[in-house]
Amino acid sequence: MDGSIRPAAQKDRAAIKGILIRTRAFRPAEIKCALEVFDAGTLDRDSGYNVFVFIGDNAPLGYVCYGPTPLTEGTFDIYWIAVDPRFQHQGIGWRLLMWAEEAIAAAGGRLIILQTSSQSAYEAPRRLYRRSGYILEGTIANYYSPGDDMLIYTKSLQP
Ligand SMILES: CC(C)(COP(=O)(O)OP(=O)(O)OC[C@H]1O[C@@H](n2cnc3c(N)ncnc32)[C@H](O)[C@@H]1OP(=O)(O)O)[C@@H](O)C(=O)NCCC(=O)NCCS
C-alpha cells in the first residue's frame, strides 16, 4: 500500500475514531481512552504521547502512539496501534511499528514495551509483534477481566 506517515493532528480525530470502531478490537471505554491519548498527543506536543498517522488514498488509514515510559531511563511504551480493517494485511501496521521503533531509537530509547490481550481477537497484533522481534516477557493472568490476560512484549534496541 502506497502512503506516507506524518504527525497526527486534530483534523484526523474523526477518521481515527472511525478506525478504532471498525477494528471491533476495542470496547467503548478503550476507544474513549485511546481518543483522550490522541487528544493529549495532538494538542500538547510535550504530553509524552507521540501520535503518527499513515496516510494513503488521501485519508488516515492507521495510526500509532508511543511515548517515554514515566520514571524510566530510555524505556518507551507503544500504547496504541490500529489499522483500518479495509486496509489491513498490506503492511501498514508493520510500517507504523517500524516508524515508532526508529523514532524511539532516535530519541535515545533502548527498550520498548507493548502490552496486549490474550484474547483470540488480538492474534493479529501478537503475530505482528512476534514477526517484528518482540519477546513475550511476561503475563499477568486475568488482568483485563477473568480469563483475559495481559501479555507484555519487549524489544531491546541496539545501541
Ligand atoms: C495489528 C494491526 C495493527 C496490524 O495491521 P496490518 O496493517 O494488518 O499489519 P500488516 O499488514 O503489517 O501485517 C498483517 C499481516 O499481513 C501480511 N502482509 C503484509 N503485507 C502484505 C502484502 N503486501 N500482501 C499480503 N500480505 C501482507 C503480513 O505478513 C501479516 O501476516 P501475518 O499476520 O500472518 O503475520 C491490525 O490487525 C489492527 O489494527 N488490529 C486491531 C487493533 C489492535 O488489535 N491493535 C493492537 C492493540 S493496541
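Figure 1. The model is predicted: local features require pLDDT of at least 70 and side-chain atom pairs count only at pLDDT 80 or more, whereas totals for chains, interfaces and linings use all residues. Residues are numbered from 1 along each chain as its sequence is written, and side-chain values use heavy atoms, with hydrogens and water left out.

**Figure 2. Backbone contacts and cover of the ligand.** Oxygen atoms of the ligand lie 2.8 Å from a backbone N or O atom of Val83, 2.8 Å from one of His89 and 2.7 Å from one of Gly91. On its own, the ligand has 950 Å² of accessible area, of which the protein covers 73%; accessible areas come from the Shrake-Rupley method with a 1.4 Å probe, and for residues only the protein chains shown count as cover. The space taken by the ligand is the largest pocket. A pocket is defined on a 1 Å grid over the protein atoms alone, as an open set of points with protein on both sides within 12 Å along at least five of seven lines.

**Figure 3. Side chain of Asp84 in the loop between β4 and α3.** Asp84 lies in this loop and counts as buried, at 1% relative accessibility. Buried denotes under 20% relative accessible area, exposed over 50%, and partly exposed the range in between (1.4 Å probe, protein chains only). A polar atom of the Asp84 side chain lies 2.9 Å from the backbone nitrogen of Arg86.

Figure 4. A search of the whole structure finds 8 aromatic pairs. Rings of Phe, Tyr and Trp (its six-membered ring) pair if their centres lie within 6.5 Å; planes under 30 degrees apart count as stacked, over 60 as edge-to-face and the rest as tilted. Phe52 and Tyr66 form a stacked pair, with 6.2 Å from centre to centre and 5 degrees between the planes. Because Phe52 lies in strand β2 (residues 50-56) and Tyr66 in strand β3 (residues 59-68), this pair ties together parts that are 14 residues apart in sequence. Both Phe52 and Tyr66 are buried. Together with Trp99, Phe52 and Tyr66 form one aromatic cluster.

**Figure 5. Edge-to-face pair of Tyr143 and Tyr144.** The ring centres of Tyr143 and Tyr144 are 5.0 Å apart and the planes stand at 90 degrees, so the pair is edge-to-face. Tyr143 is partly exposed, with a relative accessible area of 45%, and Tyr144 is also partly exposed, at 29% relative accessibility.

Figure 6. Most residues other than glycine have a negative phi. Arg24, although not a glycine, has a positive phi of about 60 degrees. Arg24 lies in the loop between α1 (13-23) and α2 (28-43) and is exposed, with a relative accessible area of 75%. Asn142, likewise not a glycine, has a positive phi of about 60 degrees. Asn142 lies in strand β6 (residues 135-145) and is partly exposed, with a relative accessible area of 47%.

Definitions and conventions
Helix = DSSP H or I, 4+ residues; strand = E, 2+ residues; numbered from the N terminus. Polar contact = N/O pair within 3.5 Å; in protein donor to acceptor, adjacent residues only side chain to side chain. 1 Å grid on protein atoms, 1.4 Å probe; cavity = no way out; pocket = protein on both sides within 12 Å on 5 of 7 lines; lining within 4 Å. Sits in = over half its atoms within 2 Å of the grid points.
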